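Let's take a walk through this model together, sheet by sheet and helix by helix. Please keep the structure open beside you as you read.

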Amino acid sequence: MPRTAPRICPLCEATCGLTLTIEGSTVTGARGDRDDVFSRGFLCPKGAAFGGLDNDPDRLRTPLVRRGGHLREVGWDEAYEAVAAAVPALVREHGAQSVGVVLGNPNAHTMAGALYPPLLLGALGTRNLFTASTLDQMPKHVSSGLLFGDPFAIPVPDLDRTDFLLLLGANPVESNGSLCTAPDFPGRLKALRARGGTLVVVDPRRTRTARLADRHLAPRPGADALLLAALAHTLLAEKLADPGPLAEHLEGLRELPDALARFTPEDVAPACDLPAAEIRTLARELAAAPTAAVYGRIGSCTTEYGTLASWLVDVLNILTGNLDRPGGALFPLPAAGPRPRPAGPGKGFALGRWRSRVSGHPEAKSELPTAALAEEIETPGEGRIRALIAIAANPVLSAPDGRRLDAALAGLDFMVSVDPYLNETSRHAHVVLPPPPPSQSAHHDFALNAFAVRNQVRYTRAPVPLDADRLDECEIHARLVLAVSGMHGRAEPSAVDDTAVQGALAKVTADRQSPLYGADPARLAGLLTGESGPERRLDLMLRLGPYGDLFGAAAPSGSETGGAPAGAGLSLERLLAHPHGIDLGPLRPRLPGVLKTRSGRIELLPDPIAAELPRLREALAGRPATLVLVGRRHLRSNNSWMHNVPALVGGSNRCTLQVHPEDADRLGLTDGGRARITADGGSLDVPVEVTDAVRAGVVSLPHGWGHDRSGTRLAVAGSVPGANVNQLLDGTRLDPLSGTAVLNGFPVALAPLP
């Protein structure tokens, strides 16, 4: 008989609750969980296709090891023996920096991806870390680090209470949101307008989100930082800025007008291709709104001035008094996150503590630009990356200049890939470790709850028992930690979790400011519950977190925790009694406790930002390119890892080059015809879609396609391969502060093909 079970959806940042229909061990259906405390039954096409992804026949079941130049199926012990024989030996001979680690965005959607990579990096001792962050969100981490002293202190728009929402470079109706975890983003935008609020969308494309807006501005791509600077200038010049209670926490407010003096609406209008009067009107409306929030995402981050644009988003929220204010932009308080500490100066945030070996790119948040990975592998010399561990990552498609990286990966001494598919990147691995399908994995959103528009906590155990020939994804990671650290066969995987628990408890019991100071770590560890090491670690994080029971110790005062939080006394045992989650209430003001700057204040004009503004001013005198490219999101896609599910690759989810009718006429292009598009990194031949959904002078090609390489096992994706837009880039265009690849607003040339 069919049965049902709850499962948090792991397929995008919305984290919706699902109700799965299961027959035997097969997921036969998925619908929205109406009892879920956060998503309330919302479901998008990706969630509806959960069963298709879960049951994909191309998913690997057993490990693969390269023997005689070919990948062959082996048992788990043999796979880990291969890792244990290769990686420690390379480290002994060539040093810790000879190993690189690359993490893809699916890590944010699994418990294993949150819990184990830090332990893996600690075991390896390498600084060669590359993640998807430098392909999308790193500018926001850097700007938050500089402003607030913490790269993870990212305020999110209070969607359910705001009166005015300004969206830049974001299409949440199709993406479901990013760095803003909000199930049913479309419904929340419609509710905003229904209660009399205003939605303004800034995007060079008339997206589905833009069609919902009260006003849609379509500036020239890459001009977001200029537009935002002009808005901030107007607020200051017209005496509209009113930080309110924030003023006592600000440093640098007096210097800001001079720093932005050259960015008047009239100055930026030609570069933005927007009327100066329209820019002034937007600034005045933003200041006049009872509450307002400015939110910028991928389109504003993955540009030449991505960090400046991200900084200016928060500057506008600060100048209008809407930062840390209900209806504005607030800092979430996730249940498994750190407990708030008393306000005061912190360690601050620094950039460039080390640099990449070849091109000298500065680190940001302990990461190097993914665009630099190929050169770090292929360039001879001390410190060359000889081994790579790729976890849920497909940089051959997601990073610039995939052909170069493809060739570089083929020259590695050793590569490990933790991936359910043999894809464009994992096909180079010497060992492939496949995690089980999501129905056989438990789930809690460690990363994404830190950006949720409402505080809540949910956990779902695996709805389907683990197949006998598979390993749990957390065990796969734990065994990998043991293998690279020379402990394979000498310790059980549970030892990795035990070590993590012991380390966390030793730290908290030695902290004089902790309510658990002086407690016995062994006694506390004995109180943890859970059926596995990962569950015990989750229990620990919940109990030590802002709503936790602290093992019965007295909680800090309300001023330190942001008030008496709803759901206090949280533990895994209590959470398991609520299979649809526990609502912890709306976001609440958290300043100044969230600040970790050296001054203990919001550092409004940090030195790296001030030094970058002259470069932005130079853009005012630049001659704009005739034709530039932007990416686009599809509702039924999430980068490269969902193109092997038939239900998700049809209909509007197509890899076409969208071209405005005026440009099509000028260049001799026809709808349904083909064109050759050329940029820094080379050329692509693509099908043309003529549409006025893009503004003139702009073409659009979606991200994540290009499934045309041999040696993969992706039958559906291979039948509709599309073109890899990142192949148009050679990796030299980067936002200098964050190392983020410029994936939007770069110049291209276009010519018709027969």
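This is a predicted model: local features need pLDDT of at least 70, side-chain atom pairs count only at pLDDT 80 or more; totals for chains, interfaces and linings use all residues.

Looking at one pair in detail, E1 is joined to strand E2 (residues 17-23) by 6 bridges, and Pro 6 stands opposite Thr 19 in E2.

A second open sheet has 4 strands, this time with parallel pairing, in the order E11-E10-E9-E13. Its edge strands are E11 (215-217) and E13 (293-296), each of which pairs on one side only. From one strand to the next, the twist averages 15 degrees. Strand E10 (residues 198-202) runs parallel to E11 and pairs with E11 over 3 bridges; Val 202 is found opposite Leu 217 in E11. Helix H10 (residues 224-237) lies across E9 (164-168), E10 and E13, running at about 150 degrees to E9.

E23 and E24 form a hairpin, with 2 residues between them.

| Strand pair | Sense | Bridges | Facing residues |
|---|---|---|---|
| E10 and E11 | parallel | 3 bridges | Val 202 and Leu 217 |

Now for the helices. How far apart are the end C-alpha atoms of helix H3 (residues 76-94)? They are 27 Å apart, which agrees with the 27 Å that its 19 residues should span at 1.5 Å a residue. The buried residues of H3 include Trp 76, Tyr 80, Val 83, Val 87 and Leu 90. Just after H3, Gly 95 takes a positive phi of about 95 degrees.

Helix H12 (residues 265-272) packs against helix H13 (residues 276-288) at an angle of about 115 degrees, and their axes are 8 Å apart. The crossing of H12 past H13 is right-handed. On the H12 side the contact is made by Pro 265, Glu 266, Val 268 and Ala 269, and on the H13 side by Ala 276, Ile 279 and Arg 280. These contact residues divide into 5 nonpolar and 2 charged, with no polar ones.

Val 101 has its place in strand E6 (residues 99-103), and at 1% relative accessibility Val 101 counts as buried. Leaving aside residues up to four places away in sequence, Val 101 touches Leu 121, Leu 124, Thr 126, Asn 128, Leu 129, Phe 130, Leu 388 and Ile 389. Ser 359 is 258 residues away from Val 101 along the chain, and their C-alpha atoms are separated by 18 Å.

The other is Ala 525, found in helix H21 (residues 521-527). Ala 525 is buried because its relative accessible area, 17%, is under 20%. Again leaving aside residues up to four places away in sequence, Ala 525 touches Val 501, Leu 505 and Arg 536. Ala 525 and Gly 68 are 457 residues apart in sequence and 47 Å apart in space, C-alpha to C-alpha.

Finally, some backbone details. Most residues other than glycine have a negative phi, and most peptide bonds are trans. Is Arg 40 buried or exposed? With a relative accessible area of 56%, Arg 40 is exposed; this residue sits in the loop between E3 and helix H1 (45-48), and its phi is positive, near 55 degrees. Asn 176 also has a positive phi, of about 70 degrees, although it is not a glycine. Asn 176 lies in the loop between helix H7 (172-175) and helix H8 (185-194) and counts as buried at 2% relative accessibility. A cis peptide bond, with omega about 5 degrees, joins Leu 591 and Pro 592, and Pro 592 is placed in the loop between strand E19 (582-586) and strand E20 (602-603).

Technical notes. Residues are numbered from 1 along each chain as its sequence is written. Side-chain values use heavy atoms; hydrogens and water are left out. Axes are lines fitted to C-alpha atoms, for helices over the stretch in contact, and angles run from 0 to 180 degrees between N-to-C directions. A crossing is left-handed if the near helix is turned anticlockwise from the far one by less than a right angle, and right-handed if clockwise. Contact means heavy atoms within 4.5 Å. Ala, Val, Leu, Ile, Met, Phe, Trp, Tyr, Cys and Pro count as nonpolar, Asp, Glu, Lys and Arg as charged, and the others, Gly among them, as polar. Two strands pair if DSSP finds at least two bridges between them. The expected span of a helix is 1.5 Å times one less than its number of residues. Buried means under 20% relative accessible area, exposed over 50%, partly exposed in between (1.4 Å probe, protein chains only).
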